[in-house]
Amino acid sequence: MSDPSAPFDILVVGGGINGVGIARDAAGRGLSVLVVERDDLASATSSWSTKLIHGGLRYLEYYEFRLVGEALAEREVLLKLAPHLIEPLAFVLPHEPHLRPAWMIRAGLFLYDRLGGQMSLPRSTGVRLDDSRWGAGLQPRFRKGFVYADARVDDARLVLVNAISARDHGADVRVRTRFVSARREAGLWHATLDGPTGREEIAARAIVNAAGPWVADVLRATDAKPTRARVRHVKGSHIVVPRQHAEEHAYILQNADKRIVFVIPYQERYSLIGTTDVAVDDYESPRISDDEIDYLIELANAYLDKPLSRADVVWSYSGVRPLYDDGSSDPSAITRDYVFKTDALDGPPGPGRAPVLSIYGGKITTYRKLAEAALRELAPYFPAMKPPWTAGETLPGGDLPGGDRAALLASLCARHPGVPVDVLRGIARRHGTRTARVLGSARALDDLGEHFGAGLTAREIDFLVDDEWARDADDVLWRRTKCGLPMSAAERERVAAYMRSRAGAS
Ligand SMILES: Cc1cc2nc3c(=O)[nH]c(=O)nc-3n(C[C@H](O)[C@H](O)[C@H](O)COP(=O)(O)OP(=O)(O)OC[C@H]3O[C@@H](n4cnc5c(N)ncnc54)[C@H](O)[C@@H]3O)c2cc1C
């Protein structure tokens with residue numbers, strides 16, 4: 001039996017992608033890890049992204065070759081680790097000669113195809129848009145374009161599977177648990193936490209401050225030496241509209257302000273359009289503004305054949321990028337690379353120096369590399385720590401035979417013949433090979449309990465509560481699934497009532 005009052009090796013503050021990524025890596029290297037998330041896992045920036053695992057073509061214009069190269073190489077790794085959540089996606093860039101000449105785009109794509117090393121995705125190519133599927137939904141004036149490959153991800157579920165894996169490797173993951181403050185005493189951190197059962201104090205040898213937009217607030221709540229590092233809060237918003245074309249590819253649209261906006265097929269029936277870049281002071285609860293909606297619609301309408309209006313927007317969301325302040329005045333130009341700042345007790349780095357490592361910036365795409373780099377930084381404090389391992393172990397549910405989603409669905413259809421294929425497809429996309437644990441021996445839809453709509457059943461909700469830390473209806477409807485999107489208000493209320501009845505019963 002482990003001693004409950006024994007110090008943890010690492011206290012990770014923040015259950016976004018960076019916090020759980022580091023927790024997973026550290027736990028797998030034999031360290032004892034506690035993760036505290038004040039709200040739900042992925043309840044902040046990590047579920048409000050554009051949902052791309054990408055190198056970031058536009059960062060080439062800012063000479064971010066290291067970041068783009070690392071992200072492209074990592075795209076290849078992540079496609080293998082989580083094929084149920086990450087899939088290749090073709091992007092079409094319609095040519096607008098007055099914005100960027102063709103030679104410049106060709107040069108950028110040439111680099112993009114090569115910076116990450118050996119790639120399994122197809123190389124970029126020029127295409128005709130006026131007489132091929134690549135121009136679907138675009139105005140007929142677009143004749144030429146370029147196609148390149150990237151990938152998309154279910155961002156919130158990527159956080160979830162990392163948390164599950166961290167737990168499988170022994171980490172203690174606590175949601176609705178706020179880090180309040182911490183002080184150093186005798187070479188250890190003593191941290192006050194505020195959770196569902198009230199306040200408690202725990203001890204840890206190191207703190208990882210992965211609080212995203214709140215990184216400076218968390219650091220200020222410790223007695224670490226003040227840092228000169230600053231975080232820039234840059235809001236990005238997206239709108240969701242009815243699907244703009246039936247093809248599978250996305251568009252990358254250029255704007256005269258040098259920014260780009262994506263139009264991405266989303267959740268079968270929709271298109272996701274984003275994002276914006278707006279420097280903000282208030283990062284607590286970001287909301288899309290009317291100006292941002294108009295900006296996105298106006299740019300989309302410069303390209304799309306069927307004009308959009310505000311009335312077409314069925315959903316929107318906003319997140320705040322916690323970027324490292326590199327002094328750029330233009331929010332779009334601030335580096336997306338990550339930066340660490342570590343403060344420890346005076347003396348050479350080593351055991352007993354109680355370090356706190358704070359993370360600035362980063363991308364979902366590079367979270368695993370960021371975790372490895374963070375543990376390299378912490379290695380002197382944990383000499384017995386094992387070597388890196390996460391590049392070689394699939395994330396929970398990702399061990400699809402041959403990485404093949406269609407084969408998984410076919411085997412599920414055979415095993416659960418009475419469950420509609422749309423319901424099976426939705427569950428398989430969320431859970432991969434863990435679908436077997438959700439469905440058990442169910443043969444028909446009725447075996448899965450109440451059907452709330454959009455393929456969400458009581459059986460799956462129970463699984464999300466029992467196995468994936470879901471506590472309320474938003475956790476289920478907007479993070480662990482996106483079933484909230486096609487559901488009616490009445491259906492969402494039924495889910496909320498079910499969650500309340502479960503909470504009451506327990
Ligand atoms: C609009 C937008 C689009 C983006 N698109 C992409 C993209 O397509 N691809 C890509 O690779 N990257 C993208 N990014 C970047 C990516 O989303 C972020 O870099 C990443 O999600 C940051 O993760 P994080 O874990 O650092 O922060 P977060 O996800 O914000 O996690 C921090 C967590 O800390 C918790 N927390 C804060 N204070 C406390 C406390 N006191 N106690 C306990 N918990 C606390 C918060 O509740 C939060 O859950 C995008 C970002 C934005 C905003």
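Visitor: Okay, which domains give residues to the shell around the ligand, and where does it lie?
Guide: Domain 1 and domain 2 both contribute residues, so the ligand shell lies between them. Keep in mind that this is a predicted model: local features need pLDDT of at least 70 and side-chain atom pairs count only at pLDDT 80 or more, while totals for chains, interfaces and linings use all residues. Residue numbers start from 1 along each chain, following the sequence as written.

Visitor: What are the domains, then?
Guide: The protein chain splits into domain 1 (8-45 + 157-229 + 336-392), domain 2 (83-151 + 232-328) and domain 3 (401-505). Those bounds come from an automatic or database domain assignment.

Visitor: Back to the ligand. How many residues surround it, and which are the closest?
Guide: There are 39 residues around the ligand, and the closest are Gly 14, Gly 16, Ser 46, Gly 212 and Gly 236. To count as near, a residue needs its C-beta atom, placed from the backbone, within 6 Å of the molecule or strand.

Visitor: Which element gives the largest share of that shell?
Guide: β16 does, with four residues. α1 (17-28), β8 (178-185) and β16 (315-324) each supply at least two. These labels are DSSP runs numbered from the N terminus: helices are H or I with at least four residues, strands are E with at least two.

Visitor: How does the shell around the ligand divide by class?
Guide: You get 16 nonpolar, 16 polar and seven charged residues. Here Ala, Val, Leu, Ile, Met, Phe, Trp, Tyr, Cys and Pro count as nonpolar, Asp, Glu, Lys and Arg as charged, and the others, Gly among them, as polar.

Visitor: What separates the centres of domain 1 and domain 2?
Guide: 33 Å, taken over C-alpha atoms. Their contact takes 12 residues from domain 1 and nine residues from domain 2; being in contact is defined as having C-beta atoms, placed from the backbone, within 7 Å. On the domain 1 side, helix α4 (residues 155-168) gives the most, with three residues. That side holds seven nonpolar, three polar and two charged residues.

Visitor: How do the axes of α1 and α4 cross?
Guide: They come within 8 Å and cross at roughly 25 degrees. Axes are lines fitted to C-alpha atoms, for helices over the stretch in contact, and angles run from 0 to 180 degrees between N-to-C directions. The two helices are therefore roughly parallel to each other. Angles under 35 degrees count as roughly parallel, over 145 as roughly antiparallel, 65 to 115 as roughly perpendicular and the rest as oblique.

Visitor: And which residues meet between α1 and α4?
Guide: Ile 17, Val 20, Gly 21, Ala 23, Arg 24 and Ala 27 in α1 meet Leu 158, Val 159, Asn 162, Ala 163, Ser 165 and Ala 166 in α4. By class that's eight nonpolar, three polar and one charged.

Visitor: What about α1 and α7, at what angle do they cross?
Guide: Roughly 60 degrees, with the axes of α1 and helix α7 (residues 367-378) coming within 8 Å. So α1 and α7 are oblique to each other. Among the contact residues are Ile 17, Asn 18 and Asp 25 of α1, plus Tyr 367, Arg 368 and Glu 372 of α7. The contact divides into eight nonpolar, two polar and three charged residues.

Visitor: New topic: which residues does the cis peptide bond join?
Guide: Gly 274 and Thr 275, with omega about 20 degrees. Thr 275 lies in the loop between β14 (270-274) and β15 (278-279).

Visitor: Is phi of Lys 51 positive or negative?
Guide: Positive, near 70 degrees, and Lys 51 is a residue other than glycine. Lys 51 is in the loop between β2 (33-36) and β3 (52-53). For background, most residues other than glycine have a negative phi, and most peptide bonds are trans.

Conventions: Two residues are in contact if their C-beta atoms, placed from the backbone, lie within 7 Å.
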